[in-house]
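Subject: Handover of a structure

Dear colleague,

Please find the structure below, together with its sequence.

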Amino acid sequence: MLTVTSADGTHVRAYDEGHGPTIVLLGPGLDDGTRTKKIAAVLAKRFRVIRLHRRQYRLDLKADPRLGGSPCSVAQEVEDVLAVVRAAGEPVILYGHSDGAVVALEALAASPSSFTGAVIFEPAAVIGPPLAGEGDEVLTQARAAPAAGRPGQAMAIFTQDAGGLPPWQAWPVGMTIPLIPKYRRLVPCQLDSLEAIDRLGVRLDTYAQIKVPTVLLGGDRNPAHITERLDAIERVMPHAERVVMHRRDHGTDLKHPKQVARVIEALADKVLPQRG
């Protein structure tokens, strides 16, 4: 386990494995720090892989009375990423998935010299109205559910209204979440992340300034809004490479981790100096 100190004094925790050029992995929602372990296992054969336990999903920090249990900002998560890069001692390749991909985009914009390349997998970025709906009605309804002891209902609301899944897909998610203790505990953190991304707002003009070699990665079996977000980012980042994984969806990192790892490796082979 790697521990470094972020700009505000918070201890950042990350799993650190393998040897070679450094790749930093930022998982998606409901990640207790282990979501990217399958991708890391593939990459660690050639690279040093650092996978963050993101601050937004650190229950120990949410329980800290000094933080009041409030959601952290995307900017704070960016500072955590940059602290890890400084500890690595060299520019790194950055991978981010879903809300972790939003953190990755913001890190690329904040400190481009810290990165040699990036893979952005289906970012949960705001490109128009807030993800939680006008007036935060989705977030309000979703937060009321775990407070009433119904975390599954919260995830069903989140998955349907913010995630864009039809009810016949969203409600089975809600039924499954309470059966998995670690996911059940992280439901409020997922809602915190939704709030933090909505606070960030539309950042397409900022992403247009990113010159770091970037792969925009997505599957072709997703709700339309996921593809629309990638399309919007691709329009403002014309030099980014778009990679579409056929017959794949938002959970490809778990179901087909080698495929995602190969995309990261392919970028690394392009942007890193060749070793003898």
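At what angle do helix 6 and helix 8 pack, and how far apart are their axes? The angle between helix 6 and helix 8 (residues 181-200) is about 35 degrees, and their axes lie 9 Å apart. Axes here are lines fitted to C-alpha atoms, for helices over the stretch in contact, and angles run from 0 to 180 degrees between N-to-C directions. Helices (H or I, at least four residues) and strands (E, at least two) are DSSP runs, numbered from the N terminus.

Before going further, please note that this is a predicted model, in which local features need pLDDT of at least 70, side-chain atom pairs count only at pLDDT 80 or more, and totals for chains, interfaces and linings use all residues. Residues are numbered from 1 along each chain as its sequence is written, and side-chain values use heavy atoms, with hydrogens and water left out.

The packing of helix 6

Helix 6 and helix 8 cross in a left-handed manner; a crossing is left-handed if the near helix is turned anticlockwise from the far one by less than a right angle, and right-handed if clockwise. On the side of helix 6, the contact is made by Pro 151, Ala 154, Met 155, Phe 158 and Ala 162, and on the side of helix 8 by Arg 184, Val 187, Gln 190, Leu 191 and Leu 194. Contact means heavy atoms within 4.5 Å. Eight of these residues are nonpolar, one is polar and one is charged. In this scheme Ala, Val, Leu, Ile, Met, Phe, Trp, Tyr, Cys and Pro count as nonpolar, Asp, Glu, Lys and Arg as charged, and the others, Gly among them, as polar.

Helix 6 (residues 151-162) also packs with helix 7 (residues 167-176), at an angle of about 150 degrees and with the axes 7 Å apart. Helix 6 and helix 7 are therefore roughly antiparallel (angles under 35 degrees count as roughly parallel, over 145 as roughly antiparallel, 65 to 115 as roughly perpendicular and the rest as oblique). The crossing of helix 6 with helix 7 is right-handed. Among the residues that make this contact are Gly 152 and Ala 156 of helix 6 and Trp 171 and Gly 174 of helix 7. The contact of helix 6 with helix 7 comprises five nonpolar, five polar and no charged residues.

Individual residues

Most residues other than glycine have a negative phi. Glu 122, however, has a positive phi near 45 degrees. Glu 122 sits in the loop between strand 6 (115-121) and helix 5 (137-147), and its relative accessibility of 1% makes it buried. Buried means under 20% relative accessible area, exposed over 50%, and partly exposed in between (1.4 Å probe, protein chains only). Arg 247 likewise has a positive phi, near 60 degrees. Arg 247 belongs to the loop between strand 8 (241-245) and helix 11 (252-255) and is exposed, at 57%.

Glu 265, in helix 12 (residues 257-271), is buried at 16% relative accessibility. Not counting residues up to four places away in sequence, Glu 265 touches Val 42, Leu 43, Arg 46 and Phe 47.

The chain as a whole

The chain has 12 helices and eight strands, and 54% of its 276 residues count as buried. Its C-alpha trace spans about 60 × 40 × 35 Å along the principal axes.

Yours sincerely
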